[in-house]
Amino acid sequence: MNAGPVRVAHPIDENSAPELCIVVPVFNERDNVRALVMELAAVLDGLAWEVIFVDDDSPDGTAQAVRELDLYRARVRCLQRIGRRGLSTACTEGMLASSAPFLAVMDGDLQHDPKILPAMLGLLRGGEVELAVGSRYVEGGSTADWNSRRRAVSRLATRLGHVLAPDELRDPMSGFFMLRRSLLEQSVRNLSSLGFKILLDIFASCGRPIVFREVPYVFRTRRAGVSKLDSLVAWEYLMLLADKLVGRWVPVRFIAFAAVGAAGVAVHLSVLNVSYRALGAAFVTAQGIATGVSIVFNYALNNLLTYRDKRRRGLHWLTGLVSFVAACSIGAVANVSVAAYLFDRHLPWVIAALGGITAGAVWNYAISSVYTWNSPKRS
Ligand code: GDD
Ligand code: MN
């Protein structure tokens, strides 16, 4: 497809300013970093490259493992973030930490084949394109040994991805790409930075069509460590799509809070149904019980989804619950009194309950965002 990068005439030594920076987000990849650096050194021999591992303070000591690497030390850096998580922000901050004119992003688990890096660099250097995407879905690329379920999930996500990316891009979910610095600079301030999909985010944030080319590769099997792509990643992906589609008008966190709230309403009504209708409790008592249960439910789910980036765990989960209950107690009082008032006016019990819930919800969102999940969003 192309002749590969043109080698520069003067010898590259350890002091040469890097032309290419490879940004590698890592979380618990201690046993993969050494092999990756060796592979990079082999395929990029003769080029001025550097690699920046962006580690979110992995408990397995990945950052330490990077700093202790005795190979290519001048080319290997570690950006260690404390109290932060997130693949997209890790990639962005890694790219911003380099001065290289060409920036690549690849996973740290050896699933992305570094062999195509020289071809990607060749495309960018030639000025034909501003972005080269490592692709599993063009001729010559593949997902190797994926089972049919993972293939199907990936196909669905890819289809959704085309809401944000051009149809010609066959692998919009790719986490393996290389771009010119100018493209980063044009999109970086508009990035949503939610979740995993930094490439899609760049497409949606650039504000103009991007000149790109896909370079095939075979997605390899992970050798050490485990995938961090859990089911919550699907939620983050939906939030990224929502943010890019309506985020200009409605904050995506509010959309999430409302979605959780809707689920909370279902829980509320079920509990109310059981205690008021089946068990015969007084309406106000039943509404009180249902409110209590749905507060805990809402807290747990918001902590898991809406405030995934500020999630409280262990003891902090409990103190968070206490602060959530305290912050929402005004909302709960408003909820029960409004519902009781409406019920006394002989409105149907469901309508009375919904009226109470709406009054409480407004308080809950405003107050909990300030008191319960109050750490800075993305510093
Ligand atoms: N710094 C940091 N912070 N790194 C992270 C985090 C995080 O919160 N979460 C994951 N990583 C790192 C992992 O250590 C790995 O190097 C890389 O990001 C990708 O994570 P994996 O857990 O290996 O993801 P995957 O293999 O399931 O998904 C990859 O392939 C998909 C293709 O289907 C990713 O590249 C996806 O973006 C891609 O869509
Ligand atoms: Mn992986």
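In what order do the strands of the open sheet lie? In this predicted model, seven strands follow the order β3-β2-β1-β4-β6-β5-β7, and their pairing is mixed.

View 1. From one strand to the next, the twist averages 20°.

**View 2. The pairing of β1 with β4.** Strand β1, which spans residues 20-26, pairs with strand β4, residues 102-105, in the parallel sense over four bridges. Within this pairing, C21 has L103 of β4 as its bridge partner.

**View 3. Helices on the sheet.** Helix α1 (residues 33-43) lies across β1, β2 (49-55) and β3, and runs at about 160° to β2. Helix α4 (residues 117-125) packs on the sheet as well, where it touches β1, β4, β5 (131-135), β6 (177-180) and β7, its direction making about 25° with that of β6.

**View 4. The manganese ion.** The protein donors of the manganese ion (ligand 2) are D109, through OD, and Q111, through OE1, which lie 1.9 Å from the ion. D109 is buried, with 4% relative accessible area, and Q111 also counts as buried, at 11% relative accessibility.

**View 5. Cysteines without disulfides.** The whole structure contains zero disulfides. The sulfur of C21 lies 11 Å from the closest cysteine sulfur, that of C91, which is too far for a bond, and C21 is buried at 0% relative accessibility. C206 is likewise in no disulfide, its nearest cysteine sulfur, in C91, being 17 Å away; C206 is buried, with a relative accessible area of 10%.

How values were computed:
Residues are numbered from 1 along each chain as its sequence is written. Chains are lettered from A and ligands numbered from 1 in the order in which they are written. This is a predicted model: local features need pLDDT of at least 70, side-chain atom pairs count only at pLDDT 80 or more; totals for chains, interfaces and linings use all residues. Side-chain values use heavy atoms; hydrogens and water are left out. Donors are N, O and S atoms within 2.8 Å of the metal (3.2 Å for Na, K and Ca); water is not among the atoms, so sites may look incomplete. Buried means under 20% relative accessible area, exposed over 50%, partly exposed in between (1.4 Å probe, protein chains only). A disulfide is a pair of cysteine sulfur atoms within 2.5 Å. Two strands pair if DSSP finds at least two bridges between them. Helices (H or I, at least four residues) and strands (E, at least two) are DSSP runs, numbered from the N terminus. Axes are lines fitted to C-alpha atoms, for helices over the stretch in contact, and angles run from 0 to 180 degrees between N-to-C directions. Contact means heavy atoms within 4.5 Å.
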